[in-house]
Amino acid sequence: MIIASVKNDFGNSTNKMYFNGKKFVQPSTIKRLTEQPAISEGSIEKHMANLFDELTVNITSSALKRSGFFTVGTRANLNTDKTENMNIKLGEKHKHDIPVIMNLSMSAAAGILEYYEEHRELPVTLSLSEKLTGAIPASEWSPANAMTMEKRFTGDADAPGSHVVIVYIGSLLVTVTIQYVGVKITQEGVPAIYALRETPVPKDHKKPGILDKLIKLYKGKEGKKHLAVLTQNEIASKRGLVIDIGSGTTELIHLHGANPIVDNCTGVQRGVGHAAEEAAKALSNELGGHLKINRQRFDSILLNNSDNLHDNATNFMGEAKYREAQRILEDVKERYTIIGGDADFFMVIGGGSISFEEDLYEDLVEFADAVHCFVLWIPAEYAVDMNLNGLDVLHEKVFFPEGVRS
């Protein structure tokens, strides 16, 4: 049996996970299968090196509306026909099957990889005893919704949760049984303040410090120079509004120190995914509707400079991002009014903070100056993993401080 400590950031675009300290990332995409896909040739060593890129599983779990046979993540993304991803307009992540499928599949694969690295052979069967910390959007988080998602993993006293994941590795099968012995679901954005507090100062100049943008912004600014010498702990103890820009939602988390003011925390359907959907629709229209483009396919076009559609996609995305950034700014202004100005700073995190920085940063600083707040825009090197790293801190120091490893 492998005792597992797992922290999972259930993203709409990517699913990020720490499994016993090792980081794994997969697109949050699945494809349901009716038969086993073609088996690629190669040695066990090759298949294990590509385990996550070729992830194919058969899951039996009462947590799912329908158990089944899936390709997951990168492999599901290779062919966009009949793939499934989170509907960013509907939300309800705590009820959706995709976050559960991603966690079960990635946990099973990570457990097999850990076993293989230790024993240099594959097990026929493997048992995982897992403690999990995750987060769902503030717009849907409540104690009841958090408990609903927790029980999907753990089950209850009458029916303890047990999940069987058969992982296909070349022509071999490994049956993994996962038992969740502890699960805590918090709200997105809250973990970020723990990550801010705990992020170490770089020992060299190869990576910026987490406060570098704040220091650069305020060190020469008349009347604001004192902000440039604030420490991470000092900022983390203040009243803040965390702006966590993701793919499907932007979370607006009102905090007093590390304590969320639950009634004032919310989420809006804004983010990179919405801009991408708008841009993808424009691109499809330009092509006369001859090409159906989902978010993942559109993202791959944007990232591939040699794609014949890259320039068009980039232009459409630029326009869509600007419009989405202006909507996010309006949401921040409205939320600031609703909380009665009860904030000293705005902290901007998430993968969307990188995409929207050009269109949002200066406008947010201008608004912050007008209301006597300051802006902590987290550098790109940290922004994407603020929730994941904060979940790591919460898991180890707050939710399960006794540890889980033997």
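Residues are numbered from 1 along each chain as its sequence is written, and side-chain values use heavy atoms, with hydrogens and water left out. Because the model is predicted, local features need pLDDT of at least 70 and side-chain atom pairs count only at pLDDT 80 or more, while totals for chains, interfaces and linings use all residues.

**Two helices**

Helices (H or I, at least four residues) and strands (E, at least two) are DSSP runs, numbered from the N terminus. Helix α5 covers residues 190-198 and helix α13 covers residues 386-399; their axes come within 7 Å and cross at roughly 85°. This makes α5 roughly perpendicular to α13 (angles of 65 to 115 degrees count as such). The axes are lines fitted to C-alpha atoms, for helices over the stretch in contact, and angles run from 0 to 180 degrees between N-to-C directions.

Contact means heavy atoms within 4.5 Å. Among the residues of α5 that meet α13 are Pro-191, Tyr-194 and Leu-196, and the α13 side includes Met-386, Leu-391 and Val-398.

**Aromatic rings**

A search of the whole structure finds eight aromatic pairs. Rings of Phe, Tyr and Trp (its six-membered ring) pair if their centres lie within 6.5 Å; planes under 30 degrees apart count as stacked, over 60 as edge-to-face and the rest as tilted. Two of the pairs are listed here.

| Pair | Centre distance | Plane angle | Class |
|---|---|---|---|
| Phe-345 and Phe-374 | 5.5 Å | 20° | stacked |
| Tyr-361 and Trp-377 | 5.3 Å | 85° | edge-to-face |

Phe-345 is in strand β15 (residues 345-349) and Phe-374 in strand β16 (residues 374-377), 29 residues apart. Both Phe-345 and Phe-374 are buried, where buried means under 20% relative accessible area, exposed over 50% and partly exposed in between (1.4 Å probe, protein chains only).

Tyr-361 lies in helix α11 (residues 351-370) and Trp-377 in strand β16, so this pair ties together parts 16 residues apart in sequence. Tyr-361 counts as buried at 18% relative accessibility, and Trp-377 counts as buried at 1%. Elsewhere, ring pairs link Tyr-336, Phe-346 and Phe-367 into a cluster.

**A buried glutamine**

Gln-187 is found in strand β10 (residues 172-187) and is buried, with a relative accessible area of 3%. Leaving out residues up to four places away in sequence, Gln-187 touches several residues, including Ala-135, Trp-141, Ile-253 and Cys-265. Gln-187 and Glu-140 are 47 residues apart in sequence, and their C-alpha atoms are 8.5 Å apart in space.

Definitions and conventions
Angles under 35 degrees count as roughly parallel, over 145 as roughly antiparallel, 65 to 115 as roughly perpendicular and the rest as oblique.
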